[in-house]
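Colleague: Hey, I've never looked at this one before. Can you walk me through it?

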Amino acid sequence: MPFPTLRPRPLVSLLLVLACSLATAQTPPHPAPVGTPAVHTPVAVPPGTLSPVLTPPAQAAAAEPTAALSRDARRIYELSRDKLVQIRTLLRNSNTQASIGSGFFVSADGLIVTNFHVASQLALEPERYRGVYVTMEGQEGEVELLAFDVQRDLAVLRAKARTAPAPVLSFRPAAEALAQGERIYSLGNPLDIGFAVTEGTYNGLVRRSFYPRIFFGGTLNPGMSGGPAVDDAGRVLGVNVAKRLDGEQVSFLIPAEFAQALVQRAANAAPITQPAYGEVTKQLMEHQQRLTERFLKAPFQEQRHGNYRVPVPDDALARCWGSGRDPSFPGLNLERTQCQADSDVVAGDFNTGTVRLGYEAYDAPTLGAARFARVFSQSFGNERLQKRGNRHQTAAECTERYVDPGSLPLRAVVCMSAYRKLPGLYNMTVLVATVNQPTQGLLGRLDVQGVAFDNGLKLANHYLQAFRWEAAP
Amino acid sequence: MMPTLGLIEAFDRHGALLARAPVTHWPVTVGRGLDCDLVLDDPFVAPVHLRIDRPVDAPRRVSVEVRETRNGATLHRKRYGSGARFDWPDGTPLEIGRTRIALRLADTAIADEQALPQFPWRTLAATVVLVALMVAAALGSSWLEAHDASKYLKSLPGVLLSLLMGLGIWSGLWAVANKVFDGHLQFWRHVRIACTAYLVAEGVQLATSLAAFAFSWEALSHFAYLLMVLVLAGGLYAHLAVVLPRRRVGLAWTVAAVVALGVPAWLGAQWLDRMRLSNEFYMSSLFPPSLRAAPAVPVPQFLQETESLRGKLDRRLRDDGHTKDDE
């Protein structure tokens with residue numbers, strides 16, 4: 001296997017950036033050999049940035065010395081080594097690697113489970129990319145994509161032209177629930193260095209995750225995406241998917257039941273040879289429908305900022321972080337709140353499906369109305385929007401108006417931009433500025449990614465109706 | 001000695017005197033020939049270009065005959081060719097070649113003696129008031145943005161200095177141009193123009209954003225920049241008109257043409273580039289709530305209006321030019 005050279009290639013650096021933004025544990029081929037401190041542990045991420053993200057490749061931590069592994073890990077490794085594969089997507093023209101991940105055989109006729117984000121190029125641009133699997137012995141073969149689940153980030157491939165029956169990893173029965181702290185082993189090919197097993201613990205399901213995810217207290221590295229996580233008996237209990245950049249050994253697995261369900265769906269499916277945007281759109285439609293229903297089902301919680309009452313999602317649905325007064329603005333009390341639902345999904349080379357809310361509450365009794373109005377305007381005016389179209393979505397279009405949900409007049413702006421290849425899906429931003437007090441004010445922002453137009457308006461209505469002013473008694 | 005019947009003078013395009021001859025007899029000839037009464041050096045003038053006479057039968061008239069010439073003569077923008085005859089009204093300049101001819105007759109009443117100009121107290125007062133207003137406007141605007149009084153006071157001298165220096169340099173450059181083209185510096189006049197333009201621009205900006213806020217006229221806020229372009233063009237015209245006072249009409253047309261062509265061209269480029277005419281996505285200037293006059297509508301009504309985004313986005317999907325890039 002030709003090993004990465006020291007010379008960085010443009011493609012690689014592009015992918016590196018992409019990979020970082022993907023928030024997944026897929027490895028692009030990366031040029032830095034072990035020992036090159038290409039990227040260090042990410043700097044402490046502010047608590048607001050919560051999405052599970054993958055480390056940029058080149059973490060030298062990839063190949064932890066095997067001496068650290070227990071005897072069990074060694075047994076697991078021996079048990080599953082022939083069932084593991086590396087999944088590569090190659091550019092059809094040049095045969096160069098576009099991305100790599102891991103996978104495992106689940107049926108004798110060669111079905112392989114991996115992540116959707118590993119195989120997304122095969123789904124969306126089959127005319128430009130082809131997929132191959134590589135076994136631990138270096139045996140290589142073509143794969144075809146049979147089915148995928150964008151919401152859970154899973155895909156099922158079939159190894160083509162395989163004569164011998166594939167050795168298969170079996171799933172752990174759903175009835176056998178895992179115990180907190182149980183040892184689990186994650187397998188895969190981190191950073192294209194070689195197959196590895198990492199040991200960790202089962203820590204239950206991730207709180208507030210929109211779709212069930214297992215919290216794996218162990219190391220995952222880019223390239224291990226799609227690899228299996230197995231129990232002590234070598235039965236698959238989950239699929240490696242992502243890790244947190246701002247923590248140590250905080251990784252995530254997709255519960256095996258979803259992989260099992262997808263395998264059943266895929267068994268009789270025809271291979272995907274045309275760009276599958278239709279299917280991706282359909283699944284994202286289901287996702288946004290589910291998301292919208294979750295948000296509309298319950299009224300928002302009320303959060304106080306002075307006399308303002310603003311809507312925040314239920315604690316089970318989103319994490320919120322707040323911060324107090326900003327020392328760079330004396331004479332101005334500023335409180336910030338940021339909430340994000342852990343609901344983003346990978347849709348090819350971009351993420352969507354997230355809901356974010358943010359507030360800035362200003363109170364400046366000593367500043368005077370004119371100066372307050374200037375500060376407030378500047379803060380209201382510096383919101384970022386999709387100013388230009390790109391290949392994924394159009395530039396934003398906005399409407400604006402004074403609205404009054406009851407007790408609090410607001411300046412409201414609704415901006416939407418449409419996805420090009422996901423017809424019927426939009427990104428929506430609602431901006432709100434209160435206009436009821438000369439030296440107090442509140443700015444709000446709601447972002448919903450990948451939502452249908454009508455559902456976007458329903459969410460905007462739900463959001464705007466929830467603003468209130470409670471006069472001091 | 002013959003009595004002086006009049007005085008004929010020739011000026012260049014900038015008004016400098018080139019030649020002058022007393023008229024002691026009629027007719028008088030003008031040309032390059034040395035036998036003419038008024039001899040000119042202008043190469044665009046014929047050897048004998050004009051013959052000027054006062055007919056005996058009509059002593060109040062001055063009649064001009066254009067002689068053998070290629071370029072003719074121009075009076076009141078009307079051109080007279082060789083052989084033409086016309087009356088020359090008193091006090092009007094007549095152009096031949098690149099030279100302007102004026103005639104003063106002895107029997108014309110002489111205008112009263114003018115008083116020497118007084119010290120221009122009014123102009124001085126206007127200048128002081130304008131500069132003071134501009135400084136006040138600029139400092140007021142920076143005060144609105146300051147969060148901390150003591151920091152603001154500390155920064156005051158710097159702001160003041162840079163403001164006055166900016167004004168001085170701007171007006172100074174115009175004054176230099178003025179000196180080159182017109183012979184006078186007119187520095188303070190340019191200072192007044194610059195201050196006025198600044199104040200008008202601030203006023204227009206304040207008025208548009210306030211009106212947009214009060215009446216929810218978003219379009220006014222989105223396109224306020226076009227009004228600013230007009231103010232800027234007006235200011236430039238005022239400066240240029242002082243530098244080239246004789247070309248005011250031409251300058252006005254030029255500035256108007258630049259605006260009339262430049263603004264649509266810029267708007268067209270914006271439209272082609274991003275399918276919108278303003279870079280402002282939403283009105284962001286907020287004022288104290290008591291200044292709001294527009295009503296606040298119920299949320300459902302607003303969201304009903306938001307339905308219009310669907311069509312706009314469909315158009316964008318179709319026409320914004322990104323689809324083809326992907327194929």
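This is a predicted model: local features need pLDDT of at least 70, side-chain atom pairs count only at pLDDT 80 or more; totals for chains, interfaces and linings use all residues.

Colleague: How many helices and strands does chain B have?

Modeller: Chain B has 9 helices and 11 strands. Those are DSSP runs, numbered from the N terminus: H or I of at least four residues for helices, E of at least two for strands.

Colleague: And why call chain B more spread out than a compact globule?

Modeller: Because its radius of gyration is 31 Å, well over the 20 Å that the globule rule gives for 327 residues. That radius is taken over C-alpha atoms, and the rule is 2.2 Å times the number of residues to the power 0.38. Along the principal axes, the C-alpha atoms of chain B fill a box of roughly 95 × 60 × 35 Å.

Colleague: Which domains is chain B divided into?

Modeller: Domain 1 covers 6-104 and domain 2 covers 122-290; the bounds come from an automatic or database domain assignment. Taken over C-alpha atoms, the centres of domain 1 and domain 2 of chain B are 47 Å apart.

Colleague: OK, helices now. At what angle do helix 1 and helix 3 of chain B pack?

Modeller: Helix 1 (residues 121-145) and helix 3 (residues 187-215) of chain B pack at about 40 degrees, with axes 9 Å apart. That makes helix 1 of chain B oblique to helix 3 of chain B. Axes are lines fitted to C-alpha atoms, for helices over the stretch in contact, and angles run from 0 to 180 degrees between N-to-C directions. Under 35 degrees counts as roughly parallel, over 145 as roughly antiparallel, 65 to 115 as roughly perpendicular and the rest as oblique.

Colleague: Which residues meet there?

Modeller: Among them are B:Leu130 and B:Met134 in helix 1 of chain B, and B:Trp188 and B:Leu199 in helix 3 of chain B. Being in contact means that the C-beta atoms, placed from the backbone, lie within 7 Å. The residues of this contact of helix 1 with helix 3 of chain B divide into 11 nonpolar, 2 polar and 2 charged. Ala, Val, Leu, Ile, Met, Phe, Trp, Tyr, Cys and Pro count as nonpolar, Asp, Glu, Lys and Arg as charged, and the others, Gly among them, as polar.

Colleague: What about helix 5 and helix 6 of chain B?

Modeller: The axes of helix 5 (residues 224-243) and helix 6 (residues 248-274) of chain B come within 10 Å and cross at roughly 155 degrees. That makes helix 5 of chain B roughly antiparallel to helix 6 of chain B. Their contact has 13 nonpolar residues, no polar ones and 1 charged.

Colleague: And helix 3 against helix 5 in chain B, what's the angle?

Modeller: About 170 degrees for helix 3 and helix 5 of chain B, with axes 10 Å apart. That makes helix 3 of chain B roughly antiparallel to helix 5 of chain B. This contact of helix 3 with helix 5 of chain B has 11 nonpolar, 6 polar and 1 charged.

Colleague: Switching topic: how many residues does each chain put into the contact?

Modeller: Chain B gives 40 residues and chain A gives 50. Helix 8 (308-319) of chain B is one of the helices that each supply at least two residues of the side touching chain A, and helix 8 of chain B gives the most there, with 7 residues.

Colleague: Last one, which peptide bond is cis?

Modeller: The one from B:Trp26 to B:Pro27, with omega near -10 degrees. B:Pro27 lies in the loop between strand 2 (17-23) and strand 3 (28-31) of chain B.

Technical notes: Residues are numbered from 1 along each chain as its sequence is written. Chains are lettered from A and ligands numbered from 1 in the order in which they are written. Two residues are in contact if their C-beta atoms, placed from the backbone, lie within 7 Å.
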